[in-house]
Amino acid sequence: ECRWEDDLKYVSGLHADSKQIQATVLAKRLIESLSNRILLELDLNHFPEEQIITIGPSELGNYEPDSFDINFDGDLDFQFHDRMQSGVNHQYFVYLFNPNSQNFIFAKELSGWSFMGQGIQLNKLKKTATYSLINGGGQYSFEKIHFNESGGINFKEQFWNDEIVVKAEIEQKFHYLKSINNLGVDSLTSTKKLESDNMESQYNALVEWMTQIEND
């Protein structure tokens, strides 16, 4: 019932015998086929390094739209990420469907990072969206957004670890913050001894501590 439409501007050929060309992406939008009404206009300012793309015989850009229902309200939403980003962290931009205006609106508060490789992680049973980030040196951070029955944000939880403190033993600090309307309402800090200082050990220890907090 809908189609993706791209506006492209020819830049130059790669070389004489190539079947590919380079083009600048001017606009990308989702259009309702029957009415030609624009449902989503992608803000290309989020993807500055990908404004010039290579177009092959069957390729119309590197943007990857993934459909999901991020706030569990029964309506389809979208997340976009830039495949050309380097490293394990990828930034995802969420467009939330507005049932009143019948179009998709950029949701800054629901956009975020993920190193999972599969985008923002959803838990339908708990009605949560989980974001993740590797900060380097074995430091990780997670954010969980909890939604209410109408699709609004109920509260947020953040989990992160500090740099390892080496004294007589290897230790690491874990932090927890719960916020409602961006105001902190609960927090917790814990110190745990680690068997080793490798990244896997640090990650597993933080995830184990997160699970304990969630189950309490």
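1. The note opens with the pairing of Lys156 and Glu109, which form a salt bridge whose closest N and O atoms are 3.1 Å apart, a salt bridge being a side-chain nitrogen of Lys or Arg within 4 Å of a carboxyl oxygen of Asp or Glu. The two partners come from distant parts of the chain, 47 residues apart: Lys156 is in strand E13 (residues 153-161), and Glu109 is in the loop between strand E8 (103-106) and strand E9 (112-114). Lys156 counts as buried at 10% relative accessibility, while Glu109 is partly exposed, with a relative accessible area of 42%; buried means under 20% relative accessible area, exposed over 50%, and partly exposed in between, with a 1.4 Å probe and protein chains only.

2. On provenance, this is a predicted model, in which local features need pLDDT of at least 70 and side-chain atom pairs count only at pLDDT 80 or more, whereas totals for chains, interfaces and linings use all residues. Residues are numbered from 1 along each chain as its sequence is written, and side-chain values use heavy atoms, with hydrogens and water left out.

3. As to the overall make-up, the protein has one helix and 16 strands, where helices (H or I, at least four residues) and strands (E, at least two) are DSSP runs numbered from the N terminus. Of its 216 residues, 37% count as buried. The protein exposes about 12,400 Å², of which carbon and sulfur atoms supply 48%; the accessible areas come from the Shrake-Rupley method with a 1.4 Å probe, and for residues only the protein chains shown count as cover. Among contacts (heavy atoms within 4.5 Å) between residues at least 6 apart in sequence, 41% join residues at least 24 apart.

4. The count of salt bridges comes to nine. One of them joins the side chains of Arg29 and Glu5 at 2.7 Å, N to O, and links distant parts of the chain, with Arg29 in strand E2 (residues 21-32) and Glu5 in strand E1, 24 residues apart. Arg29 counts as buried at 10% relative accessibility, but Glu5 is partly exposed, at 27% relative accessible area. Both residues belong to a network of salt bridges that also links Arg3, Asp7 and Glu41.

5. Leu8 is likewise found in strand E1, which covers residues 2-13, and is partly exposed, with a relative accessible area of 31%. Leu8 and Ala27 are 19 residues apart in sequence, and their C-alpha atoms are 7.3 Å apart in space.

6. For helix H1, the geometry is consistent with expectation: at 1.5 Å a residue its 17 residues should span 24 Å, and the end C-alpha atoms are 24 Å apart, which agrees; the expected span is 1.5 Å times one less than the number of residues. Ser201, Gln202, Ala205, Leu206, Trp209, Met210 and Ile213 are buried in H1. An α-helix has 3.6 residues a turn, so residues three or four places apart point the same way. The buried residues of H1 pack against strand E12 (139-147), E13, strand E15 (170-180) and E16.

7. Glu208 is in helix H1 and Lys192 in strand E16 (residues 183-193), 16 residues apart. Here Glu208 is partly exposed, with a relative accessible area of 40%, and Lys192 also counts as partly exposed, at 28% relative accessibility.

8. Gln202 is buried, with a relative accessible area of 2%, and Gln172 counts as buried at 0%. Leaving aside neighbours within four places in sequence, the contacts of Gln202 include Gly137, Gly138, Gln139 and Gln172, while those of Gln172 include Ser190, Thr191, Lys192 and Gln202.

9. Finally, the largest pocket has a volume of about 310 Å³. Of the 18 residues that line this pocket, the closest to its centre are Gly112, Trp113, Tyr131, Leu133 and Glu143. E9, strand E11 (128-136), E12 and E13 each supply at least two residues of the lining, and the largest share, four residues, comes from E12. On a 1 Å grid over the protein atoms alone, a pocket is an open set of points where a 1.4 Å probe fits, with protein on both sides within 12 Å along at least five of seven lines, and lining residues have an atom within 4 Å of a point. Grid points are joined across faces, edges and corners, and the volume is the space filled by probe spheres set on the points.
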